[in-house]
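User: I have a structure here that is new to me. Can we go through it together?
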Amino acid sequence: MPLFFRKRKPSEDSKKRLEYQLCLSKEVGAGDILDISACELTEVPTSAFSICKVLQKKVFILHGNQLKSMVPKGCCINFLVTLKVLDLHENMLTALPDDIGQLASLQVLNIENNQIKALPDSIGNLRLLQTLNVKGNCLSQLPTSVGRMSSLRTLDLSENSVRELPRDLALARTLESLTLDAALMSYPPASVCTMGTEDIQRFLCTELGEEYCPSSQFLLPVLESDSGKQSPDDVDSLEGAWQSKFNDFEKRKEQKHQEKLAFERQLEEKQKEHHQLILMNNSHKENILLSVRQEQERLELGVSVQQRFQEVERQRILGKVRQAETGIANRINNLLLDNKRQRKSSEFLQQLEQDRIRMEHLTAITQEETNSLRKREVAVAMQKMLSESCSMRLMQEASDSRRQSLVSEACRSLESQDRKFDQVLSLQQLDKSKAIACILQEEEMQKAAFQALQLQKDSVHGYIQQQIRLIEGELMQLTKLEVKRHNLDAENLQEVLWEQRSALSDLLQQLLKEKDQREVELRQVLQEMELKSDSNQQNYWLIQYQRLLDAKPLLLRMQEVGVESDLVSLLCKLSAQHYLPIMAHHRVTSEALRHMTTKDLRKLGINEMGIQKALLNWAREQPTTPSEEEAVPSPSSLPSAPGETPTSTPPLTPINPSAPRSQVIFLPCGHVCCCQMCSDALQTCPLCRSNIAQHLRLYHG
């Protein structure tokens, strides 16, 4: 059921009829009747109540409307105190006013075909009421006060839900006609009700203990009581007065008729003007609706175009993000495959490199090397190496030195006093201590320079550093991609990014451990050299430093052994420098590669399918020379190696750092999202909120 109803407006004909009846009732000689029936009213006009009160109308007809209440707001039932007939049938009344008993002159009350559920008790105060018609309502019982209606002659209760009559109805002695649904009655019984009104009254009187008297014994006043008959003598004397009054009445009636015609003409003109205004208003409304509809269509078109443009832009950005994700995933896979590949041949390379270092560093220093020592040049190189290593170390320890500045200033004063005291004690051994300190300091500086150059020249250490830089760059790219996806609200591949970042973080931690282990091994080699060196040997560390400077790079040595320069460049491009010793050992040339297969390369120890295809394709593209044909080794003479399942490894492209500023990698999550100054106070990662176990600083530039 809807909560709100639009109030139905009466039609034009109903309005005209209401206005006409109200005007007609105000005319002189209009009579005592006010008839506003069939005017589609939902409530009684207050003007009708005022007319009944002022003009003392006796008949008020309201049937055929849609009334829900009898008395309008601002009015009182006392306005109708002069009424004798009140007709309210065929409306939508649900109840009568509680003070309806104040209509003391009412003789006829017709409320047929309404929705009244109960009659008020005050209805018994209508002592002059002769006819009460409540047919077709929702009554379930009658009030006991109906017995006080001393003039009631007709009562219609049919088509209701009344099943019992009150006993006090027997007190209505004047009741002549009682209409009800006799077959459905329970009290009095249906057998009594079917016999008629007289039998019903006799039954009720018996039940009440009263003596029954017929209604014919009681005299009732008529609807309109006459004032009495006039005598014949008065007729002649009043005939002239009545004739003059009748003429005046005719004149006034004609005048009222003319006024009515003028009023109707004026009303018709106003209705025409109102109709024209309505037409103009409708046309104006249609124009406004048309313009609004056009504007709305234009706005909807603009919104749809903007939405399509935004969708295309979003798809383009998502395509770029997916392309970047694909590239990063490929590079991560290449790094992981390259790490697996390097781990397989790392033992062979490490053993080879250790043998070379031990053979070169642990050999005795000859007199020729002592004579050919270029002291000044080596010292300059040492100084440059020491300055570079010290500058890097100072950059890393700059923040620590600032924190300890306050402590050092407090300790300086104590150290100055201790220094003065120590100077007094060391005056006797000054010359001897100076000589020993200079010698020791010079040897320590030479040893430190040799150690820094050794780290720089070590191929395994350099390879590990290169892999660490590649992984750092990939982690930085992954972090940027993750932030960009978070801004675009595209979280469908967050799990894939998390797995890739976890794999890279584990690989980075493993490489850091390998780097520390390699530095420990180099320090052990340095200690062995220091133990095996002759303590009397002069310029020992200078000669070792010069030997490292004069040592040729691995690629140059491979070329001198016989490996072609194009083949060396190809292996460097494929990040497969660790296969150069194998190529040099077996003296593999382009002509030999042209006659080889993937099976022959697996026997040599080259198991990656991508590197195998790249080498074979390169060999087929090289021109054939007769000299190379003689040097082709037989595939059967190649050494056999344990077979492994070939895996496709595309070439790995190094990634440049994205910004020339220092940043920090948070381990174990692998996010690169903070500078050094902000990372000191952090305990959890700002992106994933995981605990930080290690801060790894980056230096790109």
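User: What is the handedness of the crossing of helix 14 and helix 18?
Analyst: This is a predicted model, and in it the crossing of helix 14 and helix 18 is right-handed.

User: Which classes do the residues of that contact of helix 14 with helix 18 divide into?
Analyst: Six of the residues are nonpolar, one is charged and none is polar.

User: And which residues meet there, from helix 14 and from helix 18?
Analyst: Helix 14 brings Asp566, Leu567, Leu570 and Leu571. On the side of helix 18 they meet Ala614, Leu615 and Trp618.

User: At what angle do helix 14 and helix 18 pack, and how far apart are their axes?
Analyst: The angle is about 150 degrees and the axes are 11 Å apart. Helix 14 covers residues 565-573, and helix 18 covers residues 609-621.

User: Roughly parallel or roughly antiparallel, then?
Analyst: Roughly antiparallel. Angles over 145 degrees count as that, so helix 14 and helix 18 fall in this group.

User: Let me step back. How many helices and strands does the protein have?
Analyst: There are 20 helices and 10 strands. The protein has 701 residues, and 34% of them count as buried.

User: What share of the contacts is between residues 24 or more positions apart?
Analyst: Counting contacts with a separation of 6 or more, 61% are between residues 24 or more positions apart.

User: What is the average pLDDT?
Analyst: The protein averages 76, and 70% of the residues score at least 70.

User: What about residues 220-237?
Analyst: Their pLDDT stays under 50 as well. For residues 220-237 the model has 12 contacts beyond four places in sequence.

User: Back to helices. How do helix 1 and helix 2 pack?
Analyst: Helix 1, residues 12-26, and helix 2, residues 46-55, pack at an angle of about 15 degrees, and their axes are 11 Å apart. That angle makes helix 1 roughly parallel to helix 2.

User: Is the crossing of helix 1 and helix 2 left-handed or right-handed?
Analyst: Left-handed.

User: Which residues meet between helix 1 and helix 2?
Analyst: Leu22, Ser25 and Lys26 of helix 1 meet Ser47, Ala48, Ile51 and Leu55 of helix 2. By class, this contact has four nonpolar residues, two polar and one charged.

User: Changing topic to the backbone. Where is Ala38, and what is its phi?
Analyst: Ala38 lies in the loop between strand 1 (33-35) and helix 2. Its phi is near 55 degrees, a positive value in a residue other than glycine.

User: Why point that out?
Analyst: Because most residues other than glycine have a negative phi.

User: How exposed is Ala38?
Analyst: Ala38 is partly exposed, with a relative accessible area of 44%.

User: What is the phi of Asn113?
Analyst: Phi of Asn113 is also positive, near 55 degrees. Asn113 is in the loop between strand 4 (108-110) and strand 5 (131-133), and counts as partly exposed at 32% relative accessibility.

User: One last thing. Is the peptide bond from Tyr187 to Pro188 cis or trans?
Analyst: The bond is cis, with omega near -5 degrees. Most peptide bonds are trans. Pro188 lies in the loop between strand 7 (177-179) and helix 3 (190-193).

Methods:
Residues numbered from 1 in each chain as written. Predicted model: local features only at pLDDT ≥ 70, side-chain atom pairs only at ≥ 80, totals over all residues. Heavy atoms only, no water. Axes fitted to C-alpha atoms, helices over the stretch in contact; angles between N-to-C directions. Helix = DSSP H or I, 4+ residues; strand = E, 2+ residues; numbered from the N terminus. Parallel < 35°, antiparallel > 145°, perpendicular 65-115°, else oblique. Left-handed = near helix turned anticlockwise from the far one by under 90°. Contact = heavy atoms within 4.5 Å. Nonpolar A, V, L, I, M, F, W, Y, C, P; charged D, E, K, R; others polar. pLDDT = per-residue confidence, 0-100. Buried < 20%, exposed > 50% of the residue type's maximum accessible area, 1.4 Å probe, protein only.
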